[in-house]
Amino acid sequence: YYNQDTLIYLNGEFVKANNAGVDMFGQSLHYGYGAFEGLRAYSTHNGTRIFKAEEHFDRLKESCKAIGLPYQWDNRELIEKSYELLEANNLRAAYIRPLIYSGSNMHLTASDKANIMIAAWEWGPYLGQNLLKVNISRIERPNPKSFPIEAKVSGQYINSILATSDAIQKGYDEALLLDQDGFVAQASSENLFIEKDFKIYTPPLGNIFPGITRNTVIDICKDLNFDIIEKRITIKDIYEADSAFLSGTAAGIIGIKQVDDVVFAEEWEDSIGASIQRKYKNLVLEQENYEVII
Ligand code: PMP
């Protein structure tokens, strides 16, 4: 897990988290004006491999661009530093968290300078391994017109924290959030898939966060010849689904057993989602088709 002795990468150097210093006038700290990523490194037969590192650092750059935060790094440099960080912390498998944040600025205007921090720590599947009980949250996803919702922007996660805390307080594990039109968009930090009559459905881009694991799931469906359809999902659709699951880098692929008080009839082990989950686990542990950096 992480602690203050963990080595982090900070603006070109490796330092103890404890010695990083936090700017009390930091714009990111006060206003959530920052962008971040979540990657995972797996211990594979060929050593430690970060899954889809290029895609994650591309998205980090795009997230910064979307909110006007300066970004002066290139993928190769950051991927190399991420591997060095894993070595420095003796990690073979880890969750990796780059964060771009601005310094002193109490104005509500874009900053012209940004910092980079990368941390890594050992982290099991974010939502555990058991099938989930989720609720349809009273909290909605942010309106895409208020905010670049496709960007992984720090302030956006207040929405996730509120929805998840509310779900846990009501005895659920995670929340499903509606979009501004009342369709089921996604979970607080995972994308949503449902199975109905041997087909897989997932909400289209536009009102959701464009998950990299979501893309991987779509590719797996195509590989395994499962029908995958991008379509808006109603509350009724999800109550009447045969099965459902969530996808995300931190959580992996995780099955849902119950939405509100509706329990899915199909056993998870018999679902298409379970086959996708197995394939995903193999993919991240083998990574034969992905570029080897170090
Ligand atoms: N939705 C939100 C809001 C997220 O923060 C994440 C995690 N970054 C996801 C979905 C899943 O995205 P990914 O598969 O790229 O981890």
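These legends describe close-up views of a predicted model. Residues are numbered from 1 along each chain as its sequence is written. As the model is predicted, local features need pLDDT of at least 70 and side-chain atom pairs count only at pLDDT 80 or more, while totals for chains, interfaces and linings use all residues.

**View 1. Domain 1 and domain 2 of the protein chain.** Domain 1 covers 7–121 and domain 2 covers 132–285. These bounds come from an automatic or database domain assignment. The C-alpha centres of domain 1 and domain 2 are 26 Å apart. Domain 1 brings 23 residues to the contact, and domain 2 brings 12 residues. Two residues are in contact if their C-beta atoms, placed from the backbone, lie within 7 Å.

**View 2. The side of domain 1 that touches domain 2.** Helices (H or I, at least four residues) and strands (E, at least two) are DSSP runs, numbered from the N terminus. The most comes from α2, with seven residues. This side of domain 1 has 10 nonpolar, seven polar and six charged residues. Ala, Val, Leu, Ile, Met, Phe, Trp, Tyr, Cys and Pro count as nonpolar; Asp, Glu, Lys and Arg count as charged; the others, Gly among them, count as polar.

**View 3. The packing of α2 with α3 (residues 75–88).** The axes of these helices are 10 Å apart, at an angle of about 120 degrees. Therefore α2 is oblique to α3. Axes are lines fitted to C-alpha atoms, for helices over the stretch in contact, and angles run from 0 to 180 degrees between N-to-C directions. Angles under 35 degrees count as roughly parallel, over 145 as roughly antiparallel, 65 to 115 as roughly perpendicular and the rest as oblique. From α2, the contact uses Ala-53, Glu-54, Phe-57 and Asp-58. From α3 come Asn-75, Leu-78, Ile-79 and Ser-82. By class, this contact has four nonpolar, two polar and two charged residues.

**View 4. The shell around the ligand.** The ligand is surrounded by 14 residues. The closest are Phe-209, Gly-211, Ile-212, Thr-213 and Thr-249. A residue is near a molecule if its C-beta atom, placed from the backbone, lies within 6 Å of it. Both α5 (212–223) and β14 (243–248) supply at least two residues. The largest share, three residues, is from α5. Two residues of the shell are nonpolar, nine polar and three charged.

**View 5. The crossing of α5 and α7 (residues 272–286).** Their axes come within 10 Å and cross at roughly 110 degrees. Therefore α5 is roughly perpendicular to α7. Thr-216, Val-217, Ile-220 and Cys-221 of α5 meet Ile-276, Lys-279 and Tyr-280 of α7.
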